[in-house]
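Open the model in your viewer and keep the selection panel handy. We will go from stop to stop, picking out a few residues or elements each time and saying what is there.

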Amino acid sequence: MRKSFKLEDLDCANCAAKMQDAISKMPGVEKCTVNFMMQKMTLVADDARFDEILDEAQKAIHKFEPDCNIIR
């Protein structure tokens, strides 16, 4: 499944790159792109576990940007 999400309060381009790298390495994730300028994340992941993967992605985002949230 491929979905795009708006990111709220993403303030750092370097952090966005770190988020993208960390989420891309998660089990079940085929591809993840985080676009700092558009404040957007595109996630391609396993359909059966998509919501679980999205929850884990939110935790990974909070490690780099504590105030940043995925708008579902």
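**Stop 1: the salt bridges**

Start with the charged side chains: there are 4 salt bridges here, a salt bridge being a side-chain nitrogen of Lys or Arg within 4 Å of a carboxyl oxygen of Asp or Glu. Before you zoom in, bear in mind that this is a predicted model, in which local features need pLDDT of at least 70 and side-chain atom pairs count only at pLDDT 80 or more, while totals for chains, interfaces and linings use all residues. Residues are numbered from 1 along each chain as its sequence is written, and side-chain values use heavy atoms, with hydrogens and water left out.

Select Asp55 and Arg72, whose side chains form a salt bridge with N and O 2.6 Å apart. Asp55 belongs to helix H2 and Arg72 to the segment after S4, so this pair ties together parts that are 17 residues apart in sequence. (Helices are DSSP runs of H or I with at least four residues, strands are runs of E with at least two, and both are numbered from the N terminus.) Arg72 is exposed at 57% relative accessibility, whereas Asp55 is partly exposed at 38%. For these words, buried means under 20% relative accessible area, exposed over 50% and partly exposed in between, with a 1.4 Å probe and protein chains only.

Next, select Lys25 and Asp21, where the closest N and O atoms of the salt bridge are 3.3 Å apart. Lys25 is exposed, with a relative accessible area of 63%, and Asp21 is partly exposed at 43%. Then pick Glu52 and Arg49, a salt bridge at 3.4 Å from N to O. Glu52 is partly exposed at 44%, and Arg49 is also partly exposed, at 29%.

**Stop 2: the sheet**

Switch to a cartoon view and color the strands. In which order do the 4 strands of the open sheet lie? The order is S2-S3-S1-S4, with antiparallel pairing; two strands pair if DSSP finds at least two bridges between them. S2 and strand S4 (69-71) are at the edges with a single partner strand each, so one side of each has no neighbour in the sheet. From one strand to the next, the twist averages 30 degrees.

Select S2 and S3 together: 6 bridges join this antiparallel pair. Val29 has Ala45 in S3 as its bridge partner, and Asn35 stands opposite Lys40 in S3. The hairpin of S2 and S3 has 4 residues between the strands, and there Gln39 takes a positive phi near 55 degrees.

**Stop 3: the helices**

Bring in H2, which lies across S1, S2, S3 and S4 and runs at about 140 degrees to S3. Angles such as this run from 0 to 180 degrees between N-to-C directions, with axes fitted as lines to C-alpha atoms, for helices over the stretch in contact. With the strands still shown, look at how covered S3 is: 5 of its 6 residues are buried.

**Stop 4: the core**

Hide the cartoon and show side chains. The largest nonpolar core has 22 residues, and those with the most contacts inside it are Leu7, Ile23, Val34, Met41, Leu43, Ile61 and Ile70. Such a core is a set of buried Ala, Val, Leu, Ile, Met, Phe, Trp, Tyr and Cys residues joined through side-chain atoms within 4.5 Å. Which element gives the largest share of this core? H2 does, with 6 residues.

Center on Met41. Beyond its neighbours within four places in sequence, Met41 is in contact (heavy atoms within 4.5 Å) with residues including Phe5, Leu7, Ile23, Cys32, Val34, Leu54, Ile61 and Ile70.

**Stop 5: the cysteines**

Finally, select the cysteines. How many disulfides does the structure hold? It holds 0, taking a disulfide as a pair of cysteine sulfur atoms within 2.5 Å. For Cys32, the nearest cysteine sulfur is that of Cys68, 11 Å away. The sulfur of Cys68 has its closest cysteine sulfur in Cys15, at 9.3 Å, too far for a bond.
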